[in-house]
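Visitor: I have a model open and want to learn how to read it. Where do we start?

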Amino acid sequence: MSIDKNTVRKVARLARIRTTDAETEVLAGEMNNILKMIEQLNAVKTDGVEPMTSVIEMQMPEREDKVTDGGIPEKILANAPEHTAGFFVVPKVVE
Amino acid sequence: MKNLTNLTIKDALAALKKKEFTATELTEAHIKATEAARHLNCYITETFDIARKQAKESDARYAKGAAGLIDGIPIAMKDLYCTEGVQTTAGSKILKGFKPPYESTVSGNMFRDGAVMLGKSNLDEFAMGSSNTTSAYGNVINPWQRKGDNKPLVPGGSSGGSAAAVAARIALGATGTDTGGSIRQPAAFCGITGIKPTYGRCSRFGIVAFASSLDQAGPFARSVEDCALLLQSMAGFDPKDSTSVNRAVPDYTKSIGQSVKGLKVGVPKEYRVDGTNPEILQLWEKGVQMLKDAGAEIIDVSLPHTQYALQTYYVIAPAECSSNLARYDGVRFGLRVEGENLIDMYEKTRAEGFGKEVKRRILIGTYVLSAGYYDAYYNKARRVRKLIWQDFIEAYKKCDVLLTPTAPTAAFAIGEKMQDPVTMYLNDIFTVPASMAGMPGISLPAGLSADGLPLGLQLLGKPFDEETVFKAAHALEKAVNFTALPQLLLSKAA
């Protein structure tokens, strides 16, 4: 599988990263090299092997479903580039 | 008075207890040394005011006889750990100015035990790199130099600032994080000791996430025993991290000085890879002989999927990073670049805020997770990961620890190996397999190369058996007796 400039553009769009034409060109080359390395995995027989999710075999812990935190809007908003009246502000989404 | 910056943590603690000097004096000595070594660029943010305040509080505790485990010890905190009210950048422009409203569990544990924070240490952007050259806050310079050559060398990465600070004697210890080798490889490049504990041993809460199934916190220091002390403070169950394991933390310092007689040390044949510096192979053989002389039994083992670990890593780590880094969108924290609409703002913010290596990994990750490739790349890698893990489990039926080199070369110069990302990735060839399997691993200095640079050996252990790793590492440390100092310090003394 080889990655062309269009694929890079599509993936960059999915990842929400603007790329210039020149960057797209360089990235296509680099990503192809990385993929070439990754494709060596095809040589490994993995029939019947379950994909691994976690290296530690443990039951995910559960806790009671109740609120344990909150009431700190100033802390939550303190690092926001823009906020008003207790809300994050973003460019207009709905006309 | 003693040279306060060349002590081990253990000796510093004993002297503090005996009131030979105060925590304030110890901290001031390190602040002075830090100011004199600013050209190494170890810190993104210096926190001397906090350090002085913490040292004063520590002195009060010593006066009352109520000192903690690492009370008064000046350390460097990798700038990937969220520290309440103190800028935390992850080495990225996208988090410039970010002041976390909470404390990471591990840094909180260390402050509970009396640690003094000198600053937030430099790192590869979002911990993605093996040379500390992807930081948005500049390269870190290794205090070591090649004989007869003053080219600046990399400290390794991603925890490069932490490792360089400990090697340069401007901190007694430091925190790091290790996803594919980011503690062990810089420890080797800087001639110090660093351990990545078992996945789940330390809480990841409040540590900026890179690849969550691999990230693990760990310490750097100048001796195995000091690493044991620091890990003792850092480790433990945390209900805020669902992957942290609810298991008591043993007294790691009890492992120090125990005999390795009868200990089974495995030597994996697959780690003799092409391109490894012959000096490193010789050093490895020397290490094997030293453990044998100390009474250990040497056993040849096989980890047949070793040669696929790097490829597996470069699917799984980017996949997880592309998901984790989706949160940097210019809305809740960090950089925002205004756009015509919401998507335009996202795209411009992320284009401006992330560096090249981070973008490359996000794109690879997005690609391997996208429809049509998920099974062929991501699930394939997760299957191979299981086989890598099984290799270790099989090997540990025959031995207690594994001995390998830490990195295929010594530290290289800034600018070398940087043309092609794949060449750079090969740095992690010996450290990545244990990361994929979640096993604990320590790197300690074991000798010098012909051109005078430190080389490291790595000991890997069974899950949650850091005690045996410390025991074996201490025996090796004693046999090696590494006393060389970085040129930076030698030239100062001259």
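Guide: With the surface. This is a predicted model. Chain B has an accessible surface of about 16,300 Å². Carbon and sulfur atoms account for 51% of that surface.

Visitor: What share of the residues in chain B is buried?

Guide: Buried means under 20% relative accessible area. In chain B, 66% of the 494 residues are buried.

Visitor: What radius of gyration does chain B have, and what would a compact globule have?

Guide: Chain B has 21 Å. A compact globule with 494 residues would have a value near 23 Å, so the two agree. The C-alpha atoms fill a box of roughly 65 × 50 × 50 Å along the principal axes.

Visitor: How many helices and strands does chain B have?

Guide: Chain B has 16 helices and eleven strands. Take strand β9(B), residues 401–405. Five of its five residues are buried, so the rest of the structure largely encloses it.

Visitor: Which way do the residues of β9(B) point?

Guide: Val401(B), Leu403(B) and Pro405(B) point one way. Leu402(B) and Thr404(B) point the other way.

Visitor: Which strands pair with β9(B), and in what sense?

Guide: β7(B), residues 264–268, pairs in the parallel sense over two bridges. There, Val265(B) stands opposite Val401(B). β11(B), residues 454–461, pairs in the antiparallel sense over five bridges. Leu403(B) has Leu459(B) as its bridge partner in β11(B).

Visitor: Which residues make a nonpolar surface patch of about 270 Å²?

Guide: Val90(A), Val93(A) and Val94(A). Val90(A) lies in the segment after β2 of chain A. Val90(A) is partly exposed, with a relative accessible area of 34%.

Technical notes
Residues numbered from 1 in each chain as written. Chains lettered and ligands numbered in written order. Predicted model: local features only at pLDDT ≥ 70, side-chain atom pairs only at ≥ 80, totals over all residues. Heavy atoms only, no water. Patch = residues over 30% accessible without salt bridge, like charges linked within 9 Å, V, L, I, M, F, W, Y side chains within 5 Å. Areas by Shrake-Rupley, 256 points an atom, 1.4 Å probe, with all protein chains shown as cover. Salt bridge = Lys/Arg side-chain N within 4 Å of Asp/Glu carboxyl O. Helix = DSSP H or I, 4+ residues; strand = E, 2+ residues; numbered from the N terminus. Buried < 20%, exposed > 50% of the residue type's maximum accessible area, 1.4 Å probe, protein only. Pairing = 2+ DSSP bridges. Rg over C-alpha atoms; globule rule 2.2 N^0.38 Å.
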